[in-house]
Amino acid sequence: MSNTDFAVPLATVRIRRSPETADFLGLDSLLTDDERMIRDNIRAFVPEQLLPHVCEWFERDALDPGIVPELGTLGGLGMHLQGYACAGAGAVAYGVTCLKLEAGDSGLRSLASVQGSLAMFAIWRYGSEEQKQEWLPRMAAGEAIGCFGLTEPDAGSDPAAMRTCARRGGDDWVLNGTKMWITNGSIAEVAVVWARTDDGIRGFVVSSDMPGFDAQDLHGKLSLRASVTSELILDDCRLPGSAMPPEAAGLSAPLSWLNEARYGIAWGAMGAARACYEAVLDYGLSRRAFGKPIAAFQLTQAKLGSMVVELSRGQLLAFHLGRLRERGAVRPEQISLGKLANVDAALAVARDARTILGANGITLEYPVMRHANNLESVLTYEGTAEIHALAVGRAVTGIPAYR
Ligand SMILES: Cc1cc2nc3c(=O)[nH]c(=O)nc-3n(C[C@H](O)[C@H](O)[C@H](O)COP(=O)(O)OP(=O)(O)OC[C@H]3O[C@@H](n4cnc5c(N)ncnc54)[C@H](O)[C@@H]3O)c2cc1C
């Protein structure tokens, strides 16, 4: 008996692909008309502005910042902030935007997250009126890019171990130190950096044209390649006294802003997962083996079924966090849970999706391995999976096991 003896006659395999299978539970109906409009506004941006270039950028380990103003025009930068030319959208609208951007590439969502949730949010929340007027409208329009420098070569999960210091030089501040793994670093006009002072850790708004400020790109990444990741070098970087927003004191400030970005990741990771799922659903229905589509095999359907489960759970979770957030009722450990669970889920979807593609799965022709590789960074940045598990652990036990 040959393999083809097991083949199902063509006529017996009826292919009927649901048009909205990535939204298996019909979660779209939970969105308001405004949220749907914002989502649709951004939806065309990814296929038109990103997808034609992303493979080349991924190969070159680069991103063309020319894409940023277009994203600004669509209101996609700092969209959840009020005033200063920001869109003032709600948390769910911001979340669905992150999902759409990351369905294109995690690098694009990272750019928007760092810009809106870290750099702009820091200035919006703690900056002086002068800093807000100077930076926020231009950043919202994508005319100025921002970055956020907390991590150092020897201080990542434990930012309290940072060495970068700021000392007084007359009325000025003089900063020395190195920040590592900084998204948008070399393309940023403004950096929000953290440094140790005699008064504890403080934030500084640093214009990148200040003498003593330099940014060098990090290369050799195997993940998040369509994204700029840099080292920031502060070498006697002299800043006016006004560069330090008075309220940006202690680590609680940057850690609370990271919650902003982590919330976006809970949504964004679902975008990467959806892109993987949709790519392999189409592939599975058209690729044939043993006389029938590979999507007709039970093992393939089990994988597709578990992807639908992960996607449905993850999107529901993100949606719930968004509504909690809109009521001002979300707790940091709930956002930790969202980031932890949804990045894990997205990685599981990407891993299964890659197997369905067979050898094609290891190429850039399909988006799956690009997303899978990107998600390894997403797993680590904005708090590693381990640290978020420990944040949940602390919430349920009252014991901070990460110290
Ligand atoms: C692509 C990319 C972009 C980034 N962008 C930015 C940015 O824009 N700005 C910025 O400031 N940073 C950025 N980061 C840095 C990122 O936030 C850090 O990498 C992250 O916080 C982890 O720090 P680390 O790499 O030093 O790992 P480490 O802190 O050295 O951790 C290494 C391992 O030890 C584990 N570990 C550490 N402490 C504990 C503990 N107490 N209990 C259990 N396990 C523990 C970690 O979970 C991890 O598995 C970026 C990173 C990447 C990869």
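Which helices and which strand each supply at least two residues of the shell around the ligand?

Reply: The model is a predicted one. Strand S3 (172–183), helix H10 (368–380) and helix H11 (385–397) each give at least two residues to the shell around the ligand. That shell holds 18 residues, and the closest to the ligand are Thr-151, Ser-157, Trp-181, Thr-384 and Glu-386. Sorted by class, the shell has nine nonpolar, seven polar and two charged residues.

A polar side-chain atom of Thr-151 is 2.7 Å from a nitrogen atom of the ligand. A polar backbone atom of Phe-148 lies 2.8 Å from a ligand nitrogen atom. On Glu-386, a polar side-chain atom is 2.8 Å from an oxygen atom of the ligand. The ligand on its own would expose 970 Å², of which the protein buries 68%.

The site of the ligand is the largest pocket, with a volume of about 1,400 Å³. This pocket is lined by 43 residues, and Gly-156, Leu-258, Arg-262, Glu-382 and Gly-383 are the closest to its centre. Helix H5 (106–126), helix H7 (252–286) and helix H9 (332–356) are among the elements that each supply at least two lining residues, as are S3, H10 and H11. H7 contributes the most to the lining, with five residues. By class, the lining of the largest pocket comprises 19 nonpolar, 15 polar and nine charged residues.

Terms used
Residues are numbered from 1 along each chain as its sequence is written. This is a predicted model: local features need pLDDT of at least 70, side-chain atom pairs count only at pLDDT 80 or more; totals for chains, interfaces and linings use all residues. Side-chain values use heavy atoms; hydrogens and water are left out. A residue is near a molecule or strand if one of its heavy atoms lies within 4 Å of it. A polar contact is a pair of N or O atoms within 3.5 Å; within protein, one must be able to donate a hydrogen and the other to accept it, and residues adjacent in sequence count only if both atoms are side-chain atoms. Accessible areas come from the Shrake-Rupley method with a 1.4 Å probe; for residues, only the protein chains shown count as cover. On a 1 Å grid over the protein atoms alone, a cavity is a set of points where a 1.4 Å probe fits but cannot get out, and a pocket is an open set with protein on both sides within 12 Å along at least five of seven lines; lining residues have an atom within 4 Å of a point. A molecule sits in a cavity or pocket if more than half of its atoms lie within 2 Å of its grid points. Helices (H or I, at least four residues) and strands (E, at least two) are DSSP runs, numbered from the N terminus. Ala, Val, Leu, Ile, Met, Phe, Trp, Tyr, Cys and Pro count as nonpolar, Asp, Glu, Lys and Arg as charged, and the others, Gly among them, as polar. Grid points are joined across faces, edges and corners, and a volume is the space filled by probe spheres set on the points.
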